[in-house]
Amino acid sequence: MNLKKFILVFIPTFILLSVIIAKMGYSWWWLLLFCLLSTIPLVLGAIYIEQNFFIRSVNSLQDSNLPNIKDTDIILTFDDGIHPLWTPKVLDILQVQGVKAMFFVIGKNIEGHEEILKRLVHEGHIVGNHSLTHDMWFDMKSSAEMAAELEQMNSTVANILGKEYTPVYFRPPYGVTNPNLAKAIRQTGMTSVGWNLRSMDTVAKSKDQLLEKLKTLTRPGSIVLLHDRCEISVDTLTDYIVFCKQQGFTFTTL
Ligand SMILES: [Zn+2]
């Protein structure tokens, strides 16, 4: 279900329920209960980007409409960089393994690490936009404030790398979407990118646990969410890529 379908179901049901309650003399608490229950799909839609509730995102390679996708293709994505220590280590591993990936970079993390950003694109990886601040209150901002963040992040990258590297893909911070963000993404003409394999590497307790989860959940077309600010992800990466290769998976980017 997306927002339009939700509204199309909610409004007639609300009116019908109001009429029934008025005619039959039932308690108006039923209407309040209905409204409270109706917030559930809204909350789930905001939390789970895969639902495409407020905006359609590319959550798998099958969603991407890219030509020449192979059945074996998957995409590795790394969020929250640039990290001065771990991003270069991720790049080292990708270079050794001959794998291209996507990095959804936080704009404010670029300052002082411009060389890492340059290395990233020179080695054939894609720089995506993961907002300027990744502020914990990001989702409370107005659509104009969000659009400004997206544009500032894009110009930060363009100023360092050149206009041709201006990010076109945006990953919402925390994967949370809402109507304001949907509007900001549309205004800036960016494409929202989610995932269908959330590794939860930021809270993984051990390398073995993380690797097992990745091995179990990887499917053709997977868009894998990892973080290049996490040591555990760096520690797991080589083994995971080797596993994927053994299984016949190939790596691509949007
Ligand atoms: Zn993030």
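Guide: Two strands pair if DSSP finds at least two bridges between them; strands (E, at least two residues) and helices (H or I, at least four) are DSSP runs, numbered from the N terminus. The model is a predicted one, in which local features need pLDDT of at least 70, side-chain atom pairs count only at pLDDT 80 or more, and totals for chains, interfaces and linings use all residues. Residues are numbered from 1 along each chain as its sequence is written.

Visitor: How do you know that strand β1 is joined to β2?

Guide: Three bridges join β1 (residues 73-79) to β2, and the two run parallel. At least two bridges are required, so the strands pair. The bridge partner of F78 in β2 is F103. From β1 the chain passes through helix α3 (residues 86-97) to β2.

Visitor: What makes this β-α-β crossover right-handed or left-handed?

Guide: With the strands pointing away from the viewer, a path from the first strand over the helix to the second that runs clockwise is right-handed. The crossover from β1 through α3 to β2 is right-handed, and β2, helix α4 (residues 114-122) and β3 also make a right-handed unit.

Visitor: What pairs with β2 in the parallel sense over four bridges?

Guide: That is strand β3 (residues 126-129). In β3, N129 stands opposite V105.

Visitor: Why are both faces of β3 called covered?

Guide: A residue is buried if 20 or more other C-beta atoms, placed from the backbone, lie within 10 Å of its own, exposed if 12 or fewer do, and partly exposed in between. I126 and G128 on one side and V127 and N129 on the other are all buried. In β2 (residues 102-105), M102 and F104 point one way and F103 and V105 the other, and all are buried.

Visitor: Which residues touch the most other members of the largest nonpolar core?

Guide: F103 and V224 do, among its 56 residues. Helix α8 (residues 231-246) gives the most to this core, with six residues. Such a core is a set of buried Ala, Val, Leu, Ile, Met, Phe, Trp, Tyr and Cys residues joined through C-beta atoms within 7 Å.

Visitor: What makes α1 hardly covered?

Guide: The count of buried residues among its 22 is zero.
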